[in-house]
Amino acid sequence: MTRREAVGAFLKNCLLPITAAVLLFFIFRSACTKDGSVDYFLLWLLCGLPFGIHRMFLWIIPGGRSFGGSIAVFALNFLIGAVIGGVVLVWRLLAAVWYVPLTVYRLIKG
């Protein structure tokens, strides 16, 4: 692996997920703050939503129900997407931490 490929993989797998997570944290932190304390579970769900939005309609698709039932299933899809996205976000951040020593090794070996 060349140095250019190692730096490109570092940018893609380390800096991009960390930057996205920090940006989402600062965007949603004020929405999750109530009486001076932060609801970290809600913050985790909101920050994970962009990472899981494309998986949102994977299992439950609203259709063939009444309007109220469709809205309820759509809300459930958002919750499922947020939980999946939160797990994906944590996984991407752990992978980003792993890529720091891996990139240093690749640049030294290089």
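**Rings, helices and loops**

Biologist: Let's start with Phe26. What is its relative accessible area?

Modeller: Phe26 has a relative accessible area of 48%, which means partly exposed. Buried is under 20%, exposed is over 50%, and partly exposed is in between (1.4 Å probe, protein chains only).

Biologist: And Phe25? What is its relative accessible area?

Modeller: Phe25 comes out at 27%, so it is partly exposed too.

Biologist: Before we go on, what am I looking at here?

Modeller: This is a predicted model, where local features need pLDDT of at least 70, side-chain atom pairs count only at pLDDT 80 or more, and totals for chains, interfaces and linings use all residues. Residues are numbered from 1 along each chain as its sequence is written, and side-chain values use heavy atoms, leaving out hydrogens and water.

Biologist: Good. How many aromatic pairs does the structure hold?

Modeller: Two. A pair here means Phe, Tyr or Trp rings (for Trp, the six-membered one) with centres within 6.5 Å; planes under 30 degrees apart are stacked, over 60 edge-to-face, and the rest tilted. Phe25 and Phe26 make an edge-to-face pair. Their ring centres are 5.5 Å apart, with 65° between the planes.

Biologist: Why is the pair of Phe41 and Trp44 called tilted?

Modeller: Their planes sit at 40°, so the pair counts as tilted. The ring centres are 5.8 Å apart.

Biologist: Where does Phe41 lie?

Modeller: In helix α2. Helices (H or I, at least four residues) and strands (E, at least two) are DSSP runs, numbered from the N terminus. Phe41 and Trp44 are three residues apart in that helix, so about one helical turn separates them.

Biologist: Is Phe41 buried or exposed?

Modeller: Exposed, because its relative accessibility is 53%. Trp44 has 25%, which makes it partly exposed.

Biologist: How many residues does α2 have?

Modeller: Helix α2 has 13 residues, 40–52. From first C-alpha to last it reaches 18 Å, close to the 18 Å expected at 1.5 Å a residue. That expected span is 1.5 Å times one less than the number of residues.

Biologist: Which residues of α2 are buried?

Modeller: Leu43, Leu45, Cys47, Gly48, Leu49, Phe51 and Gly52. Their cover includes α1, β2 (37–38) and α3 (67–109).

Biologist: New topic, the loops. Where does Asp35 lie?

Modeller: In the loop between β1 (33–34) and β2. Phi of Asp35 is near 55°, a positive value in a residue other than glycine.

Biologist: Is Asp35 buried or exposed?

Modeller: Exposed, because its relative accessible area is 77%.

Biologist: And Asp39, where is that?

Modeller: Asp39 sits in the loop between β2 and α2. At 40% relative accessible area, Asp39 counts as partly exposed. Its C-alpha is 8.8 Å from that of Arg29, ten residues away along the chain.

Biologist: Last one. Where is Val7 placed?

Modeller: Val7 is in helix α1, residues 3–28. It counts as partly exposed because its relative accessibility is 38%.

Key: Contact = heavy atoms within 4.5 Å.
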